[in-house]
Amino acid sequence: MHAIEIRGLAKDYPVGFWKRKLHPALKPLDLTVESGEAFGFLGPNGAGKTTTLKLLMGIIFPTAGSATILGKNFLDHEVKRRLGFLPEQPYFYDYLSAPELLDYYAGLSGVAAADRKKRISSVLERVGLSDVGSKQLRKFSKGMLQRVGIAQAIIHEPEIVFLDEPMSGLDPLGRHEVRELIQSLKDEGKTIFFSTHILSDAEALCDRVAVIHKGELRGIGVVNDLRSNVANKSEVIWEGAQAAAAVRELLSEPHATGETVRGTVQNSDLDRLLETLRSQGARLISVTPLHGTLEDYFLAKTREQEAVNR
Amino acid sequence: MNLNRKTTWITALLLVALLSGSVVARRRVEQQRGNQATLEEVLYLPSGKAVKRLSLGYSSLLADIYWTRAVQYFGSRHIAHAERYDLLAPLLEITTDLDPHLIVAYENGSIFLSQQQPDGAAQPDQAVALVEKGIRNNPTYWRLYFTLGFIHYVDRHDTKSAQEAFEKGSEVPGALPWMKVMAARMAEKSDDPSTAGYLWKTILETTTDKDIKQTAIMHLTSLHAQADIEALEKRTGIYEQRFGKPPESWSDLIRAGLLNGVPTDPDGQPYKLRLDGTVQVQDPKKFPYIERRPKEQIK
Amino acid sequence: MTSRLSAITLNTFREAVRDRVLYNLIVFALLLVASAPLFGQISIGIERLILVNVGLSSISLFGTIIAILVGIGLVSKEIEKKTLYTILSRPVRRWEFIVGKYFGLLLTLVVNALLMTVGLYIALLITAHGLKKGDALLLAAIYCIVLQFMVMVALTLLFSSFSTPIFSAIFAFALFVIGTFAEDLKNFAAMTQGFTHWLTTGAAYLVPNFASLNVISQAAHDQPISGSLIAFNTLYAVLYSGAVTAAAVLIFERRNLK
């Protein structure tokens, strides 16, 4: 049984003055996520990531397709006891304190009253908010709110956790802490489905990723495999700034410190680069093959359709 | 969305059931309240001036609302042949305080007030006061003089005041010539039932209220019957003079050449000839306004 | 289900309390109690009448204003602030959310009314130097005011489920005014004929009947209020507000939230 199985899920929005035209926010999506996986859902802003999550949570209704979560219909209310959701840039009832909010949510998710107090204090400790006491949420900073958000997503000990841009708006320290939290959730065996546009986070945490762009799935696979697919660059360092102009178009991100120039080049262009440098009289210092990054894969996938469209 | 279907159906059914139930409950409530509506409730506030101040500039809208209530009040009691129309005068007072130019309230309301029971409140003096208020506030509306004259003549039997009213009305610029005719009739033929008939006919043709139309028709048919009866009794009188005793049946009169056939009333029923020579309608309830004038008045 | 319903109800109540909405009652109660001796100056004999009229009308009016001000945001605020997202991702049915909100606001208004009633009785005590038998009648009037709240909350909830706060406020206030003149609307309908008749009669029954729910003048004039009137009024209020809430649920169940 897959943890999440999405079959042909699609969402069109009627647009235009008379609401006659349809804008596809999500084109039919097929996706499966296995239990215990950390799955990254990547895409630029407006790609359809949040739309997908809202569809799965029943916040909006699909125009086509279906999905199952833990084997049950995704709209089944009982299955919602076993999942947690952190929306993007969350906002909570600001007149409540953190323990009150968690108590309310825990109750709605079916946690027995007797267990709640214990769980609340342990969850608050886990997200690093054990000393907020009865401070009202309206006084929380963004980072604290994000942590409350994670707390409410896990208070009822769900099997799957859905996170929408969990790092947004956090400072580096906050991001580090959230990353550690997600890692610890993963270590507990929870399935994590998290959408983001920050690739380094996905690279660090996820087993598999999918790339979505303009409502369409562009690519999916295991992170390492995807990276090696695009491992076709090398870093070249030489001495001789006078050569830089000649080879500028072959390099990406050229960097000059005094006479030393450093740049990245596609392997297919490597020979030409070395030729040119030699002919310009530059002194080669090093050539290092680079690992592909997820960013390369991402850029490749988001750009290829545009090339086709053009 | 399959899981939602069940909820949607149940909720839709609930909606229909509850709404229908609420209508039923509401009718019961209104029944209950019918027994308990108090003066204060119907009027909300007994003073027209107070209402006007509170109406925040929407006084003419409120006037319309109060007029609607007055009509409803009158209409429902009229159907029930009520004997008292206590709230009518206060309602009309408030209505016309709120909107002094609501002509229909003066024209129809005063007739509701002046008519004898059970057709109206039998308060002709108040009716006169109301119409005069209307004339004060709307001096160019000459038809109100007609209403005034009508009330004076028909309900107060005050020919002189009626004549004055028609005279004054005829002098208002734009008044139709028959106002002068009416004034003249008051002076010369005030005792003649045809004058009343003329007035009622005008009312019938000009009024907008269906209850008043109804009353006018009944008055007119009664007048018609009354004229018939007086003419017939003249014939029976002639017969008695000629033969020494009153006729025993219509055939006697026909044989005597005083009638062409059996006379029928406006309802189509033959008149009844009584032993003393007087004539009656078959069903007096259908002609409630027949007056028995003393013989000297009948010319 | 019941635990979720009561959780949402109590949370809605908590929100209203912390929103300082209920604090008007303290102001009202104090004002009323403080001004009570003044009524004695206005005119002997009808001071009680005025006090009861003012007191009951205020309870009714304040409550209706709160019902509108809080009611228009009941659903729309949660959609606007996206607090609904984390609610809907839990095993909460959409209808439970609506019904819970309804009872939460109703509870707020009832508590408000009760506290204002206490203030009214205190003021009565001061002016009349003691309570009389007729004062129990006030409770019947307040009960009917609560019935009025039931209808008002349902209506504002309905509008909140699909409309923005400003329009909800306008619609709700308009219905409040029309509902006060509901009987006149019915009279007007009776005077029409044909298709207009059916249309206006339908509209007259669709509109809430606040006129019948208002027994303030009877209470003020010490007139008895029949038990069957109260019973039928209760039935009407329950059925009508149930229907309106059902409509709110129907709309909300199908709504794509932004």
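The points below go through parts of this predicted model in turn.

1. Basis and numbering. This is a predicted model in which local features need pLDDT of at least 70 and side-chain atom pairs count only at pLDDT 80 or more, while totals for chains, interfaces and linings use all residues. Residues are numbered from 1 along each chain as its sequence is written, and chains are lettered from A and ligands numbered from 1 in the order in which they are written.

2. Domains of chain A. Chain A is divided into domain 1 (4–223) and domain 2 (232–290); the bounds come from an automatic or database domain assignment. The C-alpha centres of these two domains of chain A are 44 Å apart.

3. An open sheet in chain A. Four strands of chain A make up an open, antiparallel sheet in the order S12-S13-S11-S14. Strands are DSSP runs (E, at least two residues), as are helices (H or I, at least four), and both are numbered from the N terminus. Two strands pair if DSSP finds at least two bridges between them. In general, strands of a sheet pair through backbone hydrogen bonds, either parallel or antiparallel.

4. Details of that sheet. In the sheet S12-S13-S11-S14 of chain A, the edge strands are S12 (251–257) and S14 (283–290) of chain A, each pairing on one side only. From one strand to the next, the twist averages 15°. S12(A) pairs with S13 (residues 260–266) of chain A in the antiparallel sense over five bridges. Thr257(A) is opposite Thr260(A) in S13(A).

5. A helix across the strands. Helix H9 (residues 267–280) of chain A lies across S11 (233–239), S13 and S14 of chain A, and runs at about 145° to S13(A). Axes are lines fitted to C-alpha atoms, for helices over the stretch in contact, and angles run from 0 to 180 degrees between N-to-C directions.

6. Leu258 of chain B. Leu258(B) is in the loop between helix H13 (250–255) and strand S1 (272–273) of chain B. Why is Leu258(B) classed as partly exposed? Leu258(B) is partly exposed because 17 other C-beta atoms lie within 10 Å; buried needs 20 or more within 10 Å, exposed 12 or fewer, and partly exposed is in between, with C-beta atoms placed from the backbone. Leaving aside neighbours within four places in sequence, Leu258(B) is in contact with Arg235(B), Ile238(B), Tyr239(B) and Leu253(B). Contact means that the C-beta atoms, placed from the backbone, lie within 7 Å. Leu258(B) and Tyr289(B) are 31 residues apart in sequence and, C-alpha to C-alpha, 27 Å apart in space.

How values were computed. Contact = placed C-beta atoms within 7 Å.
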